Amino acid sequence: MHQLLGTPRREVTVSIPLRRDNGDIEVFTGHRVQHNFSRGPAKGGLRYSPDVTLDEVRALAMWMTWKCALLDVPYGGAKGGVRIDPRHYSPAELERVTRRYTSEISPLIGPERDIPAPDIGTDERTMAWLMDTYSVQQGHTVLGVTTGKPLSLGGSLGRATATSRGVAHVAFAALGDRGIALHGATAAVQGFGKVGRYAARFLAEAGLEVVAVSDQYGAVAAEAGLDIPALEQHVDATGSVLDFAGGDVLDGAALLELEVDLLVPAAVEGVLHGGNTGRVRAKVIVEGANGPTTPEADEVLRQADVLVAPDILANAGGVVVSYFEWVQANQAFWWSSDEVEARLATRMDLAWQSVTAHARRLGVPLRAAATALAVERVAQAHQQRGLYP
Ligand SMILES: NC(=O)C1=CN([C@@H]2O[C@H](COP(=O)(O)OP(=O)(O)OC[C@H]3O[C@@H](n4cnc5c(N)ncnc54)[C@H](OP(=O)(O)O)[C@@H]3O)[C@@H](O)[C@H]2O)C=CC1
Ligand SMILES: O=C(O)CCC(=O)C(=O)O
């Protein structure tokens with residue numbers, strides 16, 4: 001069973017030629033890895049980043065399997081990636097890349113097979129192109145082939161903020177677990193993209209002082225707490241948190257070592273590692289990003305008694321509302337924002353309760369408990385289907 005679950009069921013690598021706006025030709029590499037289908041169609045985001053590798057996509061696909069099982073949504077796990085820096089390409093070029101990538105992987109995807117969604121460097125516009133390309137091939141509109149779509153194209157209310165909403169739910173529960181009152185608690189958020197931005201907003205709205213946030217260019221900090229709505233306006237206008245008048249410049253790496261109640265890494269993998277985690281002074285870490293903590297760092301945090309809410313639990317709000325979007329698209333019947341938020345809250349609370357109870361039962365940290373619960377569910381599905389004697 002270990003060997004079975006340790007190996008992706010399917011991996012595809014594709015070449016994506018692009019004619020640039022100036023007539024030059026470039027060729028990119030893309031991947032789609034489908035780790036598991038035992039509990040339903042594969043599900044997971046599509047990443048555009050110059051750092052994408054097949055190994056990274058494999059790891060992200062496997063995490064999706066555990067995440068979906070942990071939250072009890074009827075999916076397996078998948079992930080996709082294109083090795084491209086989207087900031088250096090025009091919208092028309094990104095559209096051509098997305099359409100070609102979609103054409104290449106289209107035999108493998110579909111509402112009953114594998115359902116992509118946004119991740120780093122992609123957004124609802126990317127999902128609209130993907131959905132359109134797939135639909136043109138099928139000869140009819142297939143809303144359920146992707147989630148994270150614009151509202152006007154069968155997207156769900158609450159999907160854009162869902163991952164961050166889930167991060168906030170888990171953060172509130174984790175701070176409560178440590179006896180830390182929300183009002184006046186301090187927080188630092190790494191990353192100010194689709195996840196970090198709304199996480200900072202929801203934390204500030206709940207009365208926490210968000211004392212620092214960062215993007216890939218650096219960090220801004222204010223001891224009394226940043227004015228997050230003003231910072232959002234600044235980022236919309238300039239494209240970065242840097243030069244925000246309401247804060248001081250801080251080195252991006254230093255943000256991780258601030259003395260805060262809550263640290264939310266919401267950017268990329270491996271930022272908490274053996275080289276810096278000994279200096280981390282946060283009491284609670286809630287992983288908005290996938291894989292921000294290396295195994296070595298995890299052990300350092302365990303010994304220091306830092307409460308770590310693992311990615312497959314903490315950032316699962318996104319896939320939960322993706323599931324809601326798929327259900328709504330398949331039924332062609334849309335829910336209100338309140339319905340989406342209430343159902344998300346129920347699922348996140350339930351997952352938090354089951355993971356903490358399992359951790360207490362097994363006497364292990366939350367990551368081990370969450371993974372054990374999830375793997376058990378997937379293994380059971382394998383066995384019940386008869387795929388494993
Ligand atoms: N979107 C979703 O629904 C979900 C996302 N996740 C995970 O959350 C993480 C963030 O994804 P998402 O917000 O969607 O991606 P985005 O592309 O929207 O945002 C990524 C953010 O991270 C910043 N960043 C990149 N590198 C660094 C760095 N070294 N230090 C600090 N900040 C950095 C980027 O900076 P800049 O703005 O300057 O580019 C940007 O603000 C990823 O790990 C993703 O897999 C998990 C579950 C669901
Ligand atoms: O919404 C989804 O389907 C997947 C989001 C995602 O890629 C993730 O949770 O890491």
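Modeller: Let's go through the domains, the sheets, the ligand shells and a few single residues.

Modeller: This is a predicted model, where local features need pLDDT of at least 70, side-chain atom pairs count only at pLDDT 80 or more, and totals for chains, interfaces and linings use all residues. Residues are numbered from 1 along each chain as its sequence is written, while chains are lettered from A and ligands numbered from 1 in the order in which they are written.

Colleague: Okay, domains. Which domains does the protein chain have?

Modeller: Domain bounds come from an automatic or database domain assignment. Here that assignment gives domain 1 (8-152) and domain 2 (160-314). Their C-alpha centres lie 27 Å apart.

Colleague: How many residues of domain 1 are in contact with domain 2?

Modeller: Contact means that the C-beta atoms of two residues, placed from the backbone, lie within 7 Å. Seven residues of domain 1 are in contact with six residues of domain 2. On the domain 1 side, α2 gives the largest share, six residues. Helices (H or I, at least four residues) and strands (E, at least two) are DSSP runs, numbered from the N terminus.

Colleague: And what classes of residue make up that side of domain 1?

Modeller: For classes, Ala, Val, Leu, Ile, Met, Phe, Trp, Tyr, Cys and Pro count as nonpolar, Asp, Glu, Lys and Arg as charged, and the others, Gly among them, as polar. The side of domain 1 that touches domain 2 has six nonpolar, no polar and one charged residues.

Colleague: Now the sheets. How do I read strand pairing?

Modeller: Strands of a sheet pair through backbone hydrogen bonds, either parallel or antiparallel. Two strands count as paired if DSSP finds at least two bridges between them. One open sheet here has five strands in the order β1-β2-β4-β3-β5, and its pairing is mixed. β1 (10-19) and β5 (114-118) have a single partner strand each, so one side of each is left without a neighbour in the sheet. From one strand to the next, the twist averages 20°. For such angles, axes are lines fitted to C-alpha atoms (for helices over the stretch in contact), and values run from 0 to 180 degrees between N-to-C directions.

Colleague: Which way do β1 and β2 pair, parallel or antiparallel?

Modeller: Antiparallel, over 10 bridges. To spot it, find R10, which stands opposite Q34 in β2. For contrast, look at β3 and β4 (residues 77-83): four bridges join them and they run parallel. There, Y48 has V82 of β4 as its bridge partner.

Colleague: Which residues come nearest to ligand 1?

Modeller: A residue is near a molecule if its C-beta atom, placed from the backbone, lies within 6 Å of it. Ligand 1 has 26 residues around it, and G191, G193, D215, A289 and G318 come nearest. By class, that shell has nine nonpolar, 14 polar and three charged residues. At least three of its residues come from each of domain 1 and domain 2. Ligand 2 is surrounded by 14 residues, the closest being G45, A117, G318, V319 and S322. β3 (42-49), α2 and α11 (317-331) each give two or more residues to the shell around ligand 2.

Colleague: Is M64 buried or exposed?

Modeller: A residue is buried if 20 or more other C-beta atoms, placed from the backbone, lie within 10 Å of its own, exposed if 12 or fewer, and partly exposed in between. M64 is buried because it has 28 such neighbours. You'll find M64 in helix α2 (residues 54-70).

Colleague: And what should I know about phi?

Modeller: Most residues other than glycine have a negative phi, and most peptide bonds are trans. D243 has a positive phi near 65°. D243 lies in the loop between α7 (228-238) and β9 and counts as exposed, with 12 C-beta neighbours inside 10 Å. A332 also has a positive phi, near 50°, and sits in the loop between α11 and α12 (337-362).
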